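Thanks for coming. Please look at the structure first.

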Amino acid sequence: MPETFTGATDAPKDRNREEQGPPPWQQGPDLCGGRGGRVAALAWIDAYDLTHNAGYLNEAAAIADYVSTLWDSSSCGGGVWSDRQRVYKNAVANGLYVRLTAALHNRIAGDTTWLGRANSAWNWFVASGMINSSGLVNDGLTSSCANNGGTVWSYNQGLAIGAGVEVWRAAGSGAALAEARRLADSAISSPALTSGGLLTESCDSVTATCDDNQKQFRGIFMRYLGDLNGVTGGAYSTFIATQATALWASDRDSLNRFGERWSGPDSGSYPNIRDWRTQASALEALLAGY
């Protein structure tokens, strides 16, 4: 695609690197090597899709190149570590890596490197044991490479769905798309993630509250469920519409703010918190059908 500029801030220029110091992915264990960096790389890809400015794509590729150095076949047969401390292989790190590598392939003409990495990462993830017998994604692996039985969070499930969809786009893999659908079907039919037809976290009750990260998890799931919905002929439109209807009717206040609990209940000890995180998550759900 031609490089153009539509008014967004220009991508960082390589000539400024010396003045700025080392790039972020070389500065700390949870910057661009960790979850935050992988999310940032996907944001650079979104910026590239909007502007066609090749600088944005280069930033995403630079981060992905660094994350690729965290791939370690000597532990659990593969997968990337969660950060450069190399102590944990988890679902979020690997789901993001698959999505990122496949997305790069889908935007770089003639690429074979990123496609190979995407396929290897996806095949490892599916076979790693992090997806349990119920089709739900647990948090990660133990030091002995077994499923750690960690909490099933919607964002891990959503990232796995999004990874499968992007691998399908990259490789034309019907098996990847079928796995993405299995993960989605498992999520929307399991009481671990769905209650009364609504996507629900384990911390989402009138006797508890979600932390600042957890407030955003369902938005991530809905983003990637919406992506899957778009390539499966609207197979999940009913579920998506149910979330949007509940949000608008039960969770929205007089200022059009959305809370942590999409079903709307409040309690004195654990109020239905409204902040930018809950708002962003709700907006992802409202937009998932478009």
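In which kind of crossing, left-handed or right-handed, does α6 pass α7? Before I answer, some ground rules. This is a predicted model, where local features need pLDDT of at least 70 and side-chain atom pairs count only at pLDDT 80 or more, while totals for chains, interfaces and linings use all residues. Residues are numbered from 1 along each chain as its sequence is written, and side-chain values use heavy atoms, with hydrogens and water left out.

Now the answer: α6 passes α7 in a left-handed crossing, meaning that the near helix is turned anticlockwise from the far one by less than a right angle; clockwise would be right-handed. Helices here are DSSP runs of H or I, at least four residues, and strands are runs of E, at least two, numbered from the N terminus.

Two packed helices are described by the angle between their axes and the distance between the axes. For α6, residues 154–171, and α7, residues 174–189, the angle is about 160° and the axes are 7 Å apart. The axes are lines fitted to C-alpha atoms, for helices over the stretch in contact, and angles run from 0 to 180 degrees between N-to-C directions. That makes α6 roughly antiparallel to α7. The cut-offs are under 35 degrees for roughly parallel, over 145 for roughly antiparallel, 65 to 115 for roughly perpendicular, and oblique for the rest.

Who meets whom? On the α6 side the contact has Q157, A160, I161, G164, V165, V167 and W168, and on the α7 side G174, A176, L177, A180, L183, A184, S186 and A187. Contact means heavy atoms within 4.5 Å. These residues divide into 11 nonpolar, 4 polar and no charged. Nonpolar covers Ala, Val, Leu, Ile, Met, Phe, Trp, Tyr, Cys and Pro; charged covers Asp, Glu, Lys and Arg; the others, Gly among them, are polar.

R218, G219, M222 and R223 in α8 meet S281, E284 and A285 in α10. This contact divides into 2 nonpolar, 2 polar and 3 charged.

On to the rings. Rings of Phe, Tyr and Trp (its six-membered ring) pair if their centres lie within 6.5 Å; planes under 30 degrees apart are stacked, over 60 edge-to-face, the rest tilted. The count comes to 7 aromatic pairs. In one of them, W71 and W124, the centres are 6.4 Å apart and the planes at 70°, so the pair is edge-to-face. W71 sits in the loop between α3 and α4, W124 in α5, 53 residues apart. W71 is partly exposed at 25% relative accessible area, whereas W124 is buried at 9%. Buried means under 20%, exposed over 50%, partly exposed in between, with a 1.4 Å probe and protein chains only. W71, Y97 and W124 form one aromatic cluster.

Last, N156, which lies in α6. Is N156 buried or exposed? Buried, at 1% relative accessibility. Leaving aside residues up to four places away in sequence, N156 touches A91, V92, V137, N138 and D139. N156 and N90 are 66 residues apart in sequence, and 9.2 Å apart in space, C-alpha to C-alpha.
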